[in-house]
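These are my notebook entries for a structure that I had not looked at before. I put down each thing I looked up, in the order in which I came to it.

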Amino acid sequence: MTLRLFDSAAREVRDFVPYRDGQASIYLCGATVQGLPHIGHVRSGVAFDVLRRWLEYSGLDVLFVRNVTDIDDKILSKAAEAGRPWWEWAATHERAFAAAYDALGVLPPSGEPRATGFVTQMVEYMQRIIDNGHGYAADGNVYFDVRSLPEYGALSGHRLEDVHQGESAGTGKRDPRDFTLWKAVKPGEPSWPTPWGPGRPGWHLECSAMATSLLGPQFDIHCGGMDLIFPHHENEIAQARGAGDDFANYWLHNGWVTLAGEKMSKSIGNVVSMPAMLGKVRPVELRYYLGSAHYRSMLEYSDGALAEAAAGYRRIESFLHRVAERVGEVKVGEVSAEFAEALDDDLGVPAALAVVHNAVRHGNSELESGDGAAAAQTASTVRAMTGVLGVDPLDERWLSDGDDSTATAALDVLVRAELDRRAQARTEKDWATADAVRDRLTQAGIEVTDTPDGAKWSLKEPTRRGTE
């Protein structure tokens, strides 16, 4: 493997060396199914789907686990406010998240454990933590003693004296900085039996138990949003160390989707829902947008940025359809060395997309020169590269996503013909004709941008599909 990844725990880029030869094991903190998903929720799904696809393309057998948190303070609170059973509320929104992932072409995980299905393993995990001197029971609750672990805070950089867990109040804590493994039963809440009394699991315990139950006490990569570094991931590490497990060898964290500079969050109210997004662009265009930035960077949402990404995707799509119309079936080839180098550098998707678009420009030139065989070879490389990114326009997944891709390709051909007429008129200094072409395109809702590589076009606003 030549892949190098930024490990949040080491705070540096490290060579990726699989724990087991020929296999990569990945745990991704999935959804807490308290409400409907928005694009900030699903960005991690898209970002780490690219990681999985690249590892698989590189020849590794990937075990990919993405959990579902289906019991949690917020789920109980929101279900109670709505007057619905907590389990029904959780199941309803779990289906909504599953539909969102599927709409964006995120590969289904190898395993998708629900927290409520691993209570037995959680009880065993707590017993190990207590036996090792890192946990204690009090008033039916079970807590982790953070002072018992000298390395506590290493992932997040928090100093112990500054720690504030931000969790709901419990009784019997020896130190306010200790965090909850198990919550004693409260009237009207679901509960499970334990040696310390009935209750329900704490959020952090759920992931440690599920990850180690399915992937083993040591595995390759733990993924999640950067907002989970503290306290969630810090406490996962503490629990694993307390139980005697090595846990994850690499920690990867994706940046937020922001709106006006703030993290997209339901508590703030600045969310852009999945249904609203899919009313603006096709699912594949939304995936292209969400995956276009480097996974560790913030992705600032705007309608303009979304439209620009959709137009960029359509340029790739148009090229591949034009080649298919000219030479027939376009097979999937191999990625280019430049593309592989970009992804091996901490999943450098922006650089990888630049390679894709350079190939598309080159392929269009081959088509225009009449060299169909060369264009077909370029197209096969483009298919391989976009396939790794999960946005291959000729994949059956996207050919049937509800849009008429042939019409998109036909539109591109017609617009390019107009742009060629405009370019010729400008060469001949026939400014009236050049302006007339641009005016016609503008009236048709097509925006023309002059660049050093020639004129580019995009729809002013993506065609709306469905309802919001």
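Which element gives the most to the lining of the largest pocket? I found that H5 does, with four residues. Before going on I noted that this is a predicted model, in which local features need pLDDT of at least 70 and side-chain atom pairs count only at pLDDT 80 or more, while totals for chains, interfaces and linings use all residues. Residues are numbered from 1 along each chain as its sequence is written, and side-chain values use heavy atoms, with hydrogens and water left out.

**Entry on the pocket.** I looked up the volume of the largest pocket and found about 1300 Å³. Of the 50 residues that line this pocket, the closest to its centre are Thr-32, Lys-74, Trp-203, Asp-227 and Leu-228. Among the elements that give two or more residues to the lining are helix H1 (39-57), helix H2 (73-82), strand S7 (179-184) and helix H5 (203-215). For the terms, a pocket is an open set of points on a 1 Å grid over the protein atoms alone, where a 1.4 Å probe fits, with protein on both sides within 12 Å along at least five of seven lines, and lining residues have an atom within 4 Å of a point. A volume is the space filled by probe spheres set on the points, which are joined across faces, edges and corners. Helices (H or I, at least four residues) and strands (E, at least two) are DSSP runs, numbered from the N terminus.

**Entry on the cysteines.** I searched for disulfides, meaning pairs of cysteine sulfur atoms within 2.5 Å, and the count came to zero. The sulfur of Cys-29 is 3.8 Å from the closest cysteine sulfur, in Cys-207, which is too far for a bond. For Cys-223 the closest cysteine sulfur is in Cys-29, at 9.1 Å, again too far for a bond. Cys-29 is buried at a relative accessible area of 8%, and Cys-223 is buried at 0%, where buried means under 20% relative accessible area, exposed over 50% and partly exposed in between (1.4 Å probe, protein chains only).

**Entry on the aromatic rings.** I found twelve aromatic pairs; rings of Phe, Tyr and Trp (its six-membered ring) pair if their centres lie within 6.5 Å, and planes under 30 degrees apart count as stacked, over 60 as edge-to-face and the rest as tilted. One of the pairs is Trp-86 with Trp-192, edge-to-face at 6.4 Å centre to centre and 70° between the planes. This pair links distant parts of the chain, since Trp-86 is in helix H3 and Trp-192 in the loop between S7 and S8, 106 residues apart. Trp-86 is partly exposed, with a relative accessible area of 22%. The rings of Tyr-289 and Tyr-301 have centres 6.1 Å apart and planes at 80°, so this pair is edge-to-face. Tyr-289 counts as buried at 3% relative accessibility, and Tyr-301 counts as buried at 7%.

**Entry on the backbone.** Most residues other than glycine have a negative phi, and most peptide bonds are trans. I noted a cis peptide bond that joins Phe-230 and Pro-231, with omega about 5°, and Pro-231 lies in helix H6. Phe-247, in strand S10 (residues 247-254), has a positive phi near 65° and counts as buried at 0% relative accessibility. Asp-346 has a positive phi of about 55°, and this residue is found in the loop between helix H10 (337-344) and helix H11 (349-368).
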